[in-house]
There are 2 protein chains.
Amino acid sequence: MADINAIAKQFTDFYYSTFDSSRSTLGSLYRDNSMLSFEGAQTLGASAIVEKLTNLPFQTVQHKVSTLDAQPSSATVASLIVSVTGLLVVDDSPNPLQFSQVFQLIPDGGSYYVFNDIFRLNYGA
Amino acid sequence: MADINAIAKQFTDFYYSTFDSSRSTLGSLYRDNSMLSFEGAQTLGASAIVEKLTNLPFQTVQHKVSTLDAQPSSATVASLIVSVTGLLVVDDSPNPLQFSQVFQLIPDGGSYYVFNDIFRLNYGA
C-alpha cells in the first residue's frame, strides 16, 4: 500500500499546513456533498464547512501529526480512508490538545476531494 | 442522520462487548477482503484479523467509548464510516489507555460487515 500511504501523507501535509496558515482557503478540498463532523456538530457542503472552520474560536493553530494510517475504502473506486492522531497547539497555549481526525478521500480529475471529515479532541481519563 | 447514529451505536455496543468477552468470535463481522491496521500493522481477511486480535498480549480488556461519530461513506450504497474515541483498560491496569478507532461498515444481507478497521492508541504530548 505504498501508493496509498504516500497519497495520505501528501494530503495531510497539504491539509494541515493550509489549515494552520490560511484555513479560509480550504474550500477547494471539499464539494457540495462533503460532510464535516466537528466535535459532534454536523456541517454539509464546502462553503458551510469553510465557514465553520474559519469561525473556530482561535487565532493561531498548529497541527502536529503523531500517527497516520490509510486504507483503500472501496473495492471499485480508488478512494481511501485516512486516519490521523496528533497534537493541536492553539493560540500558543503551553498545553497541546490530542486530536483524532478521519477523512475519506474520493478521486476526482487526477486529484482527490474530502467526502468525509470527522474531527474529535481526545480528553484523558 | 438518526438511523446512521443508531446503527453505529448498535454496532459498537456489539463489537466492543464481543471483543471484551470473547474476541476469538469476532470473525463473523469481517470478510475475506476486510482490512485491519492495528498500531500500524496491516492484516487482510477475516481469519487473519481474528488471529491477530486473539493473539494480542493481554488477558482481559475493557473498551469504554467516549465519543462516537458516524457519516454515510458513499453516495450510492448505505455504507457508513464510524469513528470512535475512548479508553482501554487492560489486565486491570489502573491507567486506562486512550484509543481511536475507525470502521467502515458495508451493508450485506440485512446486516453490515467491517471492510475497514484502523486502531491506534493515543499517547500524550
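In the predicted model, 33 residues of chain B are in contact with 33 residues of chain A, contact meaning heavy atoms within 4.5 Å. This is a predicted model in which local features need pLDDT of at least 70 and side-chain atom pairs count only at pLDDT 80 or more, while totals for chains, interfaces and linings use all residues. Residues are numbered from 1 along each chain as its sequence is written, chains are lettered from A and ligands numbered from 1 in the order in which they are written, and side-chain values use heavy atoms, leaving out hydrogens and water.

Chain B superposes on chain A by a rotation of 180° with 0.0 Å of shift along the axis, at an RMSD of 0.0 Å.

The size of an interface is often given as the accessible area lost when the parts come together. Here chains B and A bury about 2,700 Å² between them, 55% of it on carbon and sulfur atoms. The area is computed with a 1.4 Å probe and summed over both parts. Between the chains, 13 residue pairs are in polar contact, both residues at pLDDT 80 or more. A polar contact is a pair of N or O atoms within 3.5 Å; within protein, one must be able to donate a hydrogen and the other to accept it, and residues adjacent in sequence count only if both atoms are side-chain atoms. The side of chain B that touches chain A comprises 15 nonpolar, 15 polar and three charged residues. Nonpolar covers Ala, Val, Leu, Ile, Met, Phe, Trp, Tyr, Cys and Pro; charged covers Asp, Glu, Lys and Arg; the others, Gly among them, are polar.

Two salt bridges cross the interface. The rule requires a side-chain nitrogen of Lys or Arg within 4 Å of a carboxyl oxygen of Asp or Glu. A:Arg120 pairs in this way with B:Asp69, with the closest N and O atoms 2.7 Å apart. Over all chains the count is six salt bridges. A:Asp108 and A:Arg31 form a salt bridge at 2.8 Å, N to O. A:Asp108 lies in strand β5 (residues 97-108) of chain A and A:Arg31 in strand β1 (residues 30-38) of chain A, so the pair ties together parts 77 residues apart in sequence. Strands are DSSP runs (E, at least two residues), numbered from the N terminus.

Terms used
Least-squares fit on C-alpha atoms with pLDDT ≥ 70 in both. Buried area = accessible area lost by both parts, 1.4 Å probe. Helix = DSSP H or I, 4+ residues; strand = E, 2+ residues; numbered from the N terminus.
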